[in-house]
Amino acid sequence: MKPFEVKLVLPVVVPLLEVVKELAVGLKHSHAATPELPGTDVIFRDLWKGELLLGQNEDLTTLLELFDDEFLKEGVVTFDEDNAELIIRACSAVRLRLRERYLQVLGDEALETGEVELAKLTEATRKAFMCYLFLATLQELIIQRIEGTLLPPDLH
Amino acid sequence: MAETKTHITPGQRTAAKLQLEGVWRVVVLNDPVNLMSYVVLVFKKVFGFDESTARRHMLEVHEQGRSVVWSGLREKAEAYTFTLQQWHLTAILEPDEAV
(Lines give C-alpha, C1' and ligand atoms only; values in the text may rest on other atoms or scores of the structure.)
Protein backbone atom coordinates (compact mmCIF):
# COMPACT_ATOMS: atom_id res chain seq x y z
CA MET A 1 0.00 0.00 0.00
CA LYS A 2 1.36 3.40 -0.99
CA PRO A 3 1.25 6.08 1.73
CA PHE A 4 -1.67 8.44 1.44
CA GLU A 5 -2.90 11.53 3.20
CA VAL A 6 -6.40 12.48 4.24
CA LYS A 7 -7.39 16.01 5.16
CA LEU A 8 -9.98 16.12 7.90
CA VAL A 9 -12.24 19.00 8.87
CA LEU A 10 -10.76 20.10 12.19
CA PRO A 11 -13.85 21.71 13.76
CA VAL A 12 -15.78 18.48 13.12
CA VAL A 13 -13.11 15.99 14.10
CA VAL A 14 -11.47 17.62 17.14
CA PRO A 15 -14.52 17.24 19.43
CA LEU A 16 -14.73 13.56 18.42
CA LEU A 17 -11.10 13.03 19.33
CA GLU A 18 -11.95 13.88 22.94
CA VAL A 19 -14.18 10.80 22.98
CA VAL A 20 -11.56 8.64 21.27
CA LYS A 21 -8.87 9.71 23.76
CA GLU A 22 -11.13 9.13 26.76
CA LEU A 23 -11.96 5.60 25.62
CA ALA A 24 -8.37 4.83 24.65
CA VAL A 25 -7.32 5.49 28.26
CA GLY A 26 -9.82 2.92 29.51
CA LEU A 27 -8.72 0.43 26.87
CA LYS A 28 -5.16 0.43 28.22
CA HIS A 29 -6.30 -1.92 30.95
CA SER A 30 -9.20 -3.85 29.46
CA HIS A 31 -9.97 -5.70 26.27
CA ALA A 32 -12.30 -4.12 23.76
CA ALA A 33 -13.96 -7.51 23.26
CA THR A 34 -13.83 -10.09 26.02
CA PRO A 35 -11.62 -12.87 24.68
CA GLU A 36 -12.80 -16.43 25.18
CA LEU A 37 -10.59 -19.47 25.40
CA PRO A 38 -12.30 -22.49 26.89
CA GLY A 39 -10.58 -25.41 28.57
CA THR A 40 -7.19 -23.89 29.33
CA ASP A 41 -5.42 -23.23 32.60
CA VAL A 42 -5.34 -19.89 34.38
CA ILE A 43 -1.68 -19.11 33.65
CA PHE A 44 -2.16 -19.76 29.95
CA ARG A 45 -5.29 -17.60 29.90
CA ASP A 46 -3.49 -14.75 31.66
CA LEU A 47 -0.64 -14.91 29.16
CA TRP A 48 -3.12 -14.97 26.29
CA LYS A 49 -5.05 -12.00 27.60
CA GLY A 50 -1.86 -10.09 28.46
CA GLU A 51 -0.52 -10.51 24.92
CA LEU A 52 -3.82 -9.33 23.48
CA LEU A 53 -3.75 -6.26 25.70
CA LEU A 54 -0.17 -5.42 24.68
CA GLY A 55 -1.14 -5.56 21.02
CA GLN A 56 -4.27 -3.50 21.65
CA ASN A 57 -2.19 -0.82 23.41
CA GLU A 58 0.27 -0.65 20.53
CA ASP A 59 -2.62 -0.22 18.08
CA LEU A 60 -4.22 2.52 20.17
CA THR A 61 -0.93 4.38 20.60
CA THR A 62 -0.51 4.36 16.82
CA LEU A 63 -4.04 5.70 16.36
CA LEU A 64 -3.54 8.52 18.88
CA GLU A 65 -0.20 9.47 17.31
CA LEU A 66 -2.10 10.40 14.15
CA PHE A 67 -3.74 13.25 16.01
CA ASP A 68 -0.66 15.03 17.32
CA ASP A 69 0.12 18.78 17.44
CA GLU A 70 0.98 18.80 13.76
CA PHE A 71 -2.45 17.37 12.95
CA LEU A 72 -4.10 20.15 14.94
CA LYS A 73 -2.45 22.74 12.65
CA GLU A 74 -3.32 21.25 9.26
CA GLY A 75 -5.88 18.52 9.85
CA VAL A 76 -3.91 16.03 7.76
CA VAL A 77 -3.35 12.38 8.68
CA THR A 78 -1.01 10.04 6.83
CA PHE A 79 -1.53 6.32 6.45
CA ASP A 80 1.17 3.97 5.28
CA GLU A 81 2.24 0.34 5.27
CA ASP A 82 3.47 0.55 8.87
CA ASN A 83 0.47 2.09 10.55
CA ALA A 84 -2.54 1.08 8.40
CA GLU A 85 -3.39 -2.26 9.98
CA LEU A 86 -2.71 -1.06 13.51
CA ILE A 87 -5.04 1.86 12.96
CA ILE A 88 -7.94 -0.15 11.59
CA ARG A 89 -7.62 -2.54 14.53
CA ALA A 90 -7.52 0.39 16.97
CA CYS A 91 -10.62 1.86 15.31
CA SER A 92 -12.35 -1.49 15.82
CA ALA A 93 -11.38 -1.50 19.51
CA VAL A 94 -12.70 2.01 20.09
CA ARG A 95 -15.91 1.31 18.16
CA LEU A 96 -16.55 -1.78 20.29
CA ARG A 97 -16.03 0.29 23.42
CA LEU A 98 -18.27 3.06 22.09
CA ARG A 99 -21.07 0.55 21.65
CA GLU A 100 -20.57 -0.85 25.12
CA ARG A 101 -20.28 2.53 26.83
CA TYR A 102 -22.61 4.84 24.92
CA LEU A 103 -24.52 3.21 22.09
CA GLN A 104 -26.38 0.26 23.62
CA VAL A 105 -29.46 2.47 23.68
CA LEU A 106 -29.57 2.51 19.87
CA GLY A 107 -29.85 -1.24 19.48
CA ASP A 108 -27.65 -3.48 17.39
CA GLU A 109 -29.75 -3.27 14.24
CA ALA A 110 -29.39 0.50 14.11
CA LEU A 111 -25.65 0.17 14.64
CA GLU A 112 -25.36 -2.32 11.80
CA THR A 113 -27.43 -0.34 9.33
CA GLY A 114 -26.36 3.11 10.54
CA GLU A 115 -29.99 4.23 10.34
CA VAL A 116 -30.27 6.50 13.33
CA GLU A 117 -32.25 9.69 13.79
CA LEU A 118 -29.56 12.00 15.08
CA ALA A 119 -32.04 14.71 16.12
CA LYS A 120 -33.62 12.35 18.65
CA LEU A 121 -30.35 11.49 20.41
CA THR A 122 -28.97 13.10 23.53
CA GLU A 123 -25.84 15.20 23.04
CA ALA A 124 -23.58 12.50 24.54
CA THR A 125 -25.07 9.71 22.43
CA ARG A 126 -24.99 11.83 19.28
CA LYS A 127 -21.32 12.66 19.80
CA ALA A 128 -20.51 9.01 20.47
CA PHE A 129 -22.38 7.93 17.34
CA MET A 130 -20.60 10.54 15.22
CA CYS A 131 -17.33 9.24 16.60
CA TYR A 132 -18.43 5.69 15.74
CA LEU A 133 -19.11 6.76 12.14
CA PHE A 134 -15.89 8.75 11.90
CA LEU A 135 -13.78 5.74 12.91
CA ALA A 136 -15.69 3.52 10.46
CA THR A 137 -14.94 6.02 7.70
CA LEU A 138 -11.22 5.90 8.51
CA GLN A 139 -11.40 2.11 8.43
CA GLU A 140 -13.17 2.08 5.07
CA LEU A 141 -10.64 4.47 3.53
CA ILE A 142 -7.70 2.37 4.68
CA ILE A 143 -9.32 -0.94 3.72
CA GLN A 144 -10.07 0.36 0.23
CA ARG A 145 -6.41 1.31 -0.16
CA ILE A 146 -5.17 -2.01 1.19
CA GLU A 147 -7.52 -3.85 -1.14
CA GLY A 148 -6.50 -1.63 -4.03
CA THR A 149 -10.09 -0.67 -4.75
CA LEU A 150 -9.50 3.05 -4.24
CA LEU A 151 -7.17 4.59 -6.78
CA PRO A 152 -4.79 7.29 -5.58
CA PRO A 153 -5.91 10.80 -6.63
CA ASP A 154 -3.31 11.10 -9.39
CA LEU A 155 -4.78 8.08 -11.17
CA HIS A 156 -8.37 9.31 -11.24
CA MET B 1 -7.27 -22.62 55.98
CA ALA B 2 -8.41 -25.97 54.70
CA GLU B 3 -6.34 -27.59 52.00
CA THR B 4 -8.01 -29.46 49.19
CA LYS B 5 -5.97 -32.10 47.43
CA THR B 6 -7.06 -33.02 43.93
CA HIS B 7 -6.19 -36.49 42.71
CA ILE B 8 -6.31 -36.99 38.97
CA THR B 9 -6.90 -40.56 37.96
CA PRO B 10 -5.24 -42.02 34.84
CA GLY B 11 -8.67 -42.23 33.23
CA GLN B 12 -9.30 -38.52 33.78
CA ARG B 13 -5.84 -37.69 32.42
CA THR B 14 -6.48 -39.68 29.25
CA ALA B 15 -9.85 -38.02 28.77
CA ALA B 16 -8.28 -34.57 29.19
CA LYS B 17 -5.51 -35.42 26.75
CA LEU B 18 -7.97 -36.69 24.18
CA GLN B 19 -9.99 -33.54 24.65
CA LEU B 20 -6.97 -31.39 23.74
CA GLU B 21 -6.05 -33.65 20.87
CA GLY B 22 -8.51 -34.40 18.09
CA VAL B 23 -9.96 -31.84 15.76
CA TRP B 24 -10.90 -28.33 16.87
CA ARG B 25 -12.92 -25.70 15.10
CA VAL B 26 -12.28 -21.99 15.00
CA VAL B 27 -15.66 -20.26 14.98
CA VAL B 28 -16.29 -16.57 14.39
CA LEU B 29 -19.45 -15.14 15.94
CA ASN B 30 -21.39 -12.14 14.70
CA ASP B 31 -20.99 -8.73 16.24
CA PRO B 32 -22.87 -5.59 15.22
CA VAL B 33 -19.78 -3.38 15.22
CA ASN B 34 -17.13 -4.63 12.84
CA LEU B 35 -17.63 -3.62 9.21
CA MET B 36 -18.26 -6.27 6.58
CA SER B 37 -15.26 -5.05 4.60
CA TYR B 38 -13.12 -5.27 7.75
CA VAL B 39 -14.18 -8.86 8.44
CA VAL B 40 -13.47 -9.85 4.81
CA LEU B 41 -10.01 -8.25 5.02
CA VAL B 42 -9.24 -10.05 8.28
CA PHE B 43 -10.26 -13.44 6.84
CA LYS B 44 -8.09 -12.86 3.80
CA LYS B 45 -5.09 -11.81 5.88
CA VAL B 46 -5.36 -14.45 8.59
CA PHE B 47 -6.35 -17.50 6.53
CA GLY B 48 -5.20 -16.47 3.06
CA PHE B 49 -8.76 -16.85 1.76
CA ASP B 50 -9.55 -15.53 -1.70
CA GLU B 51 -12.16 -12.78 -1.98
CA SER B 52 -15.15 -15.06 -2.57
CA THR B 53 -14.30 -17.47 0.28
CA ALA B 54 -13.71 -14.58 2.65
CA ARG B 55 -17.02 -12.99 1.65
CA ARG B 56 -18.87 -16.30 2.00
CA HIS B 57 -17.63 -16.73 5.58
CA MET B 58 -18.36 -13.09 6.39
CA LEU B 59 -21.94 -13.45 5.11
CA GLU B 60 -22.36 -16.68 7.06
CA VAL B 61 -21.31 -14.84 10.23
CA HIS B 62 -23.61 -11.95 9.40
CA GLU B 63 -26.68 -14.01 8.44
CA GLN B 64 -26.36 -17.12 10.58
CA GLY B 65 -24.52 -15.63 13.54
CA ARG B 66 -21.45 -17.85 13.21
CA SER B 67 -19.08 -19.44 10.74
CA VAL B 68 -16.54 -22.22 11.11
CA VAL B 69 -13.51 -20.65 9.50
CA TRP B 70 -10.92 -23.34 10.17
CA SER B 71 -10.61 -26.78 11.72
CA GLY B 72 -7.63 -28.89 12.65
CA LEU B 73 -5.18 -29.47 15.47
CA ARG B 74 -5.65 -27.64 18.73
CA GLU B 75 -2.37 -25.74 18.69
CA LYS B 76 -2.95 -24.19 15.30
CA ALA B 77 -6.60 -23.53 16.13
CA GLU B 78 -5.44 -21.63 19.22
CA ALA B 79 -3.04 -19.56 17.12
CA TYR B 80 -5.80 -18.64 14.67
CA THR B 81 -8.21 -17.81 17.48
CA PHE B 82 -5.61 -15.57 19.10
CA THR B 83 -4.96 -13.72 15.84
CA LEU B 84 -8.67 -13.20 15.19
CA GLN B 85 -9.07 -11.85 18.72
CA GLN B 86 -6.18 -9.45 18.05
CA TRP B 87 -8.36 -8.13 15.24
CA HIS B 88 -11.25 -7.86 17.73
CA LEU B 89 -13.40 -10.49 16.08
CA THR B 90 -15.38 -12.71 18.43
CA ALA B 91 -13.59 -15.98 17.84
CA ILE B 92 -14.01 -19.15 19.86
CA LEU B 93 -12.57 -22.65 19.84
CA GLU B 94 -14.78 -25.69 19.98
CA PRO B 95 -14.14 -29.41 19.59
CA ASP B 96 -15.24 -30.85 16.27
CA GLU B 97 -17.56 -33.56 17.51
CA ALA B 98 -18.29 -34.83 14.03
CA VAL B 99 -14.77 -36.22 13.76
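## Where the chains meet

In this predicted model, 26 residues of chain A are in contact with 17 residues of chain B. The most comes from H4(A), which gives seven residues to the side that touches chain B.

Next, the nonpolar interior. In soluble globular proteins, nonpolar side chains tend to be buried together. Here, the largest nonpolar core holds 56 residues, and those with the most contacts inside it are A:Ile87, A:Val94 and B:Val42. Which helix supplies the largest share of this core? That would be H4 of chain A, residues 84-103, with ten residues.

On the chain B side, take a look at B:Val42, one of the residues with the most contacts in that core. Leaving out residues up to four places away in sequence, B:Val42 touches B:Leu84, B:Trp87 and B:Leu89.

## H1 against H4 in chain A

H4(A) also packs against helix H1 of chain A, which covers residues 10-26. The angle between the two helices is about 90 degrees, and their axes are 10 Å apart. Angles of 65 to 115 degrees count as roughly perpendicular, so H1(A) and H4(A) are roughly perpendicular to each other.

Which residues make this contact? From H1(A) there are A:Val20, A:Leu23, A:Ala24 and A:Gly26, and they meet A:Val94, A:Arg97, A:Leu98 and A:Arg101 of H4(A). By class, the contact between H1(A) and H4(A) has five nonpolar residues, one polar and two charged. A:Val94 turns up again here on the H4(A) side, having already been listed among the residues with the most contacts inside the largest core.

## The sheet in chain B

Over in chain B, three strands make an open sheet in the order E2-E1-E3, with antiparallel pairing. Strands E2 (66-72) and E3 (90-95) of chain B sit at the edges with a single partner strand each, so one side of each has no neighbour in the sheet. From one strand to the next, the twist averages 25 degrees.

How many bridges join E1(B) and E3(B)? Strand E1 of chain B, residues 24-29, pairs with E3(B) in the antiparallel sense over six bridges.

How values were computed
Residues numbered from 1 in each chain as written. Chains lettered and ligands numbered in written order. Predicted model: local features only at pLDDT ≥ 70, side-chain atom pairs only at ≥ 80, totals over all residues. Core = buried A, V, L, I, M, F, W, Y, C linked by C-beta atoms within 7 Å. Buried ≥ 20, exposed ≤ 12 C-beta atoms within 10 Å, placed from the backbone. Helix = DSSP H or I, 4+ residues; strand = E, 2+ residues; numbered from the N terminus. Contact = placed C-beta atoms within 7 Å. Axes fitted to C-alpha atoms, helices over the stretch in contact; angles between N-to-C directions. Parallel < 35°, antiparallel > 145°, perpendicular 65-115°, else oblique. Nonpolar A, V, L, I, M, F, W, Y, C, P; charged D, E, K, R; others polar. Pairing = 2+ DSSP bridges.
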